[in-house]
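Here are my notes, as promised. Have the structure open while you read, and go point by point.

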Amino acid sequence: MSERPLNDDNGSTGPDDNDRFEDIVDAETDRDPDLAVIEAGSRTLRAQAGPPQGDVPARPEDPEVDRALREVETELAGRWGETKLDPSLVRIEALMDILGQPQRAYPAIHITGTNGKTSTARMIESLLGAFDLRTGRYTSPHVQSITERISLDGAPISAERFIETYQDIKPYVEMVDDREDYRLSFFEVMTGMAYAAFADAPVDVAVVEVGMGGTWDATNVVDASVAVVTPISLDHTDRLGATPGDIAGEKGGIVKQDATVVLAQQPVDAAQVLLKRAVDVDATVAREGMEFGVVSREVAVGGQLLTLRGLGGEYPELFLPLYGAHQAHNAAVALAAVEAFFGIGSQHARTLDIDTVRRAFAQVSSPGRLEVVRRSPTVVLDAAHNPAGAQVTAEAVTEAFGFSRLIGVVGASADKDVRGLLEAFEPVFAEIVVTRNSTPRSMDPDELAAIAVEVFGAERVQVEPRLDDALEAAITLAEEESEFSGAGVLVTGSVITAGEARLLLGKG
């Protein structure tokens with residue numbers, strides 16, 4: 001790990017610190033000279049002067065509330081699933097019109113990308129809340145409870161409020177259903193509920209994660225002053241495009257006129273598309289590895305200790321209770337987004353209050369993202385569901401836990417690059433137990449096993465069609481090396497798999 005730069009008493013960095021940051025830029029940024037042509041037409045965001053959470057909810061205890069929530073869930077489930085993408089905003093715009101444009105009642109930070117969106121959204125929410133702003137956060141999918149998707153002040157809304165919000169907008173949803181060729185989808189109704197709940201609260205700022213893509217995503221009726229693009233990789237290729245550049249074209253649609261766009265490190269073709277979009281809409285650009293970034297990181301008990309370079313200066317000794325280099329990069333992106341929201345780098349050349357930033361990061365949680373849910377043996381849950389996510393998870397679990405032997409439990413969706421996901425985990429799994437979750441999208445265990453045998457070899461693969469049996473089998477395999485062996489279990493492959501395992505293991 002690189003050493004943390006020394007700061008002077010007021011927290012500013014000296015010439016040596018700037019040199020170190022430039023070294024990081026050189027080391028971490030894979031750049032194409034042709035990007036200079038695009039960047040010449042765009043503004044970049046960095047201060048020119050020197051630098052001056054909630055738990056996953058369980059089912060409601062009140063039987064009547066639980067019954068009412070199940071009725072709402074059933075009605076929503078009867079609509080188009082959220083993975084069905086219709087390239088149109090007509091229905092959601094009609095709903096917003098009839099509701100009185102609730103999404104225009106507050107400023108917003110809008111987040112797209114392939115991996116890291118939810119963790120980044122949670123970090124942004126924590127930072128804004130620490131600065132005494134009332135926040136609304138909309139993320140998807142949920143880990144255990146549908147109410148997780150809509151949060152106020154850092155916590156999921158109550159089941160009662162979720163039901164009330166649905167009942168409030170239901171007559172208007174039905175009006176739109178009657179007028180349009182197709183009914184509003186599950187995700188469109190959920191988005192309408194979130195925007196209505198935020199306006200009703202009211203919130204000071206909304207943190208909104210896209211469902212899929214960007215341009216045609218239902219969330220894109222919001223006019224966000226700050227757009228965030230987390231790392232783009234191949235996922236949903238049948239809907240979004242076959243290359244990172246193609247996918248970036250869809251995701252870049254959330255960047256609005258005169259907004260600020262905060263870009264995590266991207267593949268070159270994706271960066272080209274996103275920067276061209278910024279030029280076209282006269283957006284201001286902040287790029288990881290250029291205007292901001294991770295200066296240093298050290299593994300710490302329960303997480304990691306970071307020094308981040310923001311748009312206005314350096315933020316040393318930030319404890320983040322999440323594992324992995326990817327979460328450090330998510331933290332850098334979140335910090336830059338909040339700085340941009342407060343005008344740092346454009347109107348102001350200063351840093352945010354360091355103690356407030358430290359407190360905010362120390363409070364971050366991200367359920368289902370390398371989350372430890374059991375000890376002896378240690379069982380970790382992670383929502384990785386594509387090759388890029390699996391790769392960073394494999395690296396992070398190796399760095400943070402150092403298991404002597406790791407058993408994988410994998411239940412993946414049939415529409416994902418399952419082979420790529422398994423290949424990313426192969427170097428770190430001693431054995432793998434393949435299974436499925438309860439959704440129709442989950443790959444048949446025998447089909448998954450056939451691919452796993454090709455990747456791991458038959459002697460390393462076990463099939464357990466039921467997730468509870470798979471967990472028991474993996475824990476038994478880990479315990480075979482004795483209580484003090486340092487073996488562990490990683491449950492992964494899908495957000496749903498992680499969420500259902502979380503329930504089975506007594507969390508919520």
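Predicted model: local features only at pLDDT ≥ 70, side-chain atom pairs only at ≥ 80, totals over all residues.

1. For the overall picture, the chain has 508 residues, and 57% of them count as buried. Its secondary structure comes to 17 helices and 18 strands. The accessible surface is about 19800 Å², with 48% of that belonging to carbon and sulfur atoms.

2. Now look at helix H9, residues 244-251, and helix H10, residues 268-280. Their axes come within 7 Å and cross at roughly 30 degrees. Angles under 35 degrees count as roughly parallel, so H9 is roughly parallel to H10. As for handedness, the crossing of H9 and H10 is right-handed.

3. Which residues make the H9 and H10 contact? On the H9 side you'll find Pro244, Gly245, Ala248 and Gly249, and they meet Asp269, Ala270, Val273 and Leu274 of H10. Sorted by type, the residues of this contact are 5 nonpolar, 2 polar and 1 charged. For the spacing along each helix, remember that an α-helix has 3.6 residues a turn, so residues three or four places apart point the same way.

4. How much of H9 is covered? Mostly, is the reply: 6 of its 8 residues are buried. Those are Pro244, Gly245, Ile247, Ala248, Glu250 and Lys251. If you're colouring the helix by burial, note that Glu250 and Lys251 are among the buried residues.

5. Next, Thr135, which sits in strand E3, residues 135-138. Is Thr135 buried or exposed? Its relative accessibility is 2%, and buried means under 20%, so Thr135 counts as buried. Setting aside neighbours within four places in sequence, Thr135 is in contact with Glu125, Leu128 and Gly129, with Ser151, Leu152, Asp153 and Gly154, and with Val203 and Val205.

6. Last, Gln391, in helix H13, residues 387-401. Gln391 counts as partly exposed because its relative accessibility is 36%.

Note on methods:
Residues numbered from 1 in each chain as written. Heavy atoms only, no water. Axes fitted to C-alpha atoms, helices over the stretch in contact; angles between N-to-C directions. Helix = DSSP H or I, 4+ residues; strand = E, 2+ residues; numbered from the N terminus. Parallel < 35°, antiparallel > 145°, perpendicular 65-115°, else oblique. Left-handed = near helix turned anticlockwise from the far one by under 90°. Contact = heavy atoms within 4.5 Å. Nonpolar A, V, L, I, M, F, W, Y, C, P; charged D, E, K, R; others polar. Buried < 20%, exposed > 50% of the residue type's maximum accessible area, 1.4 Å probe, protein only. Areas by Shrake-Rupley, 256 points an atom, 1.4 Å probe, with all protein chains shown as cover.
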